[in-house]
Amino acid sequence: MTACPCTSGRAFDDCCGPYLAGTAVPPTPEALMRSRYAAFTQANVDYLEQTLLPETRADFDRKQAEEWATGSQWTGLEIRSTEGGKPGDEEGWVEFVAHFRIQNKDYVHHESSRFQQRDGRWWYVDGIMGPRPRSVQKIGRNDPCPCGSGKKYKKCHGAS
């Protein structure tokens, strides 16, 4: 049994192998992200390109991806969080940290990746470095207080 490089703890043939071979499609954004990491470990640039949302492929730099994949020793993957990507969802996010080594120096790639479901399969759309920014809804002075008192925020918890 060859362990899957995505660090799922499963055998490659039972994990990312069928996705990279084209005999199955990843059922979730996390599975797609794990398979893309496995593709980097094998320098499978075709898979990396084929799993991009089609309209985003114009920005894909095959040469750069191949140089990064072949010039790195891939040493592990951590899934930090997932959001969405359940049946019926059209979008999902996966925050991950990929560990790799170049010329005996350790590096990490920390990304929050966005995935989109279209035509029954998940596609990588884009990512932002680091954790995904969270938004906080600002409560206006004249909005109802979120405590449920029925008072305006300024007369309840917003009072100085």
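User: What are the ground rules for the numbering and the model?
Analyst: Residues are numbered from 1 along each chain as its sequence is written, and side-chain values use heavy atoms, with hydrogens and water left out. The model is predicted: local features need pLDDT of at least 70, side-chain atom pairs count only at pLDDT 80 or more, and totals for chains, interfaces and linings use all residues.

User: Why is Met129 called exposed?
Analyst: Exposed means over 50% relative accessible area, buried means under 20%, and partly exposed is in between (1.4 Å probe, protein chains only). Met129 has 58% relative accessibility, so Met129 counts as exposed.

User: Where is Met129, and what does Met129 touch?
Analyst: Met129 is in strand β4, residues 121-129; a strand is a DSSP run of E with at least two residues, a helix is a run of H or I with at least four, and both are numbered from the N terminus. Leaving aside residues up to four places away in sequence, Met129 touches His109, His110 and Glu111, where contact means heavy atoms within 4.5 Å.

User: What makes Thr7 partly exposed?
Analyst: The relative accessibility of Thr7 is 41%, and therefore Thr7 counts as partly exposed. Thr7 lies in the segment before α1 (17-21).

User: What makes a space a pocket, and how much space lies in the largest pocket?
Analyst: On a 1 Å grid over the protein atoms alone, a pocket is an open set of points with protein on both sides within 12 Å along at least five of seven lines; lining residues have an atom within 4 Å of a point. Grid points are joined across faces, edges and corners, and the volume is the space filled by probe spheres set on the points. The largest pocket holds about 560 Å³. Of its 21 lining residues, the closest to its centre are Arg36, Phe40, Trp68, Glu111 and Tyr124.

Conventions
1 Å grid on protein atoms, 1.4 Å probe; cavity = no way out; pocket = protein on both sides within 12 Å on 5 of 7 lines; lining within 4 Å.
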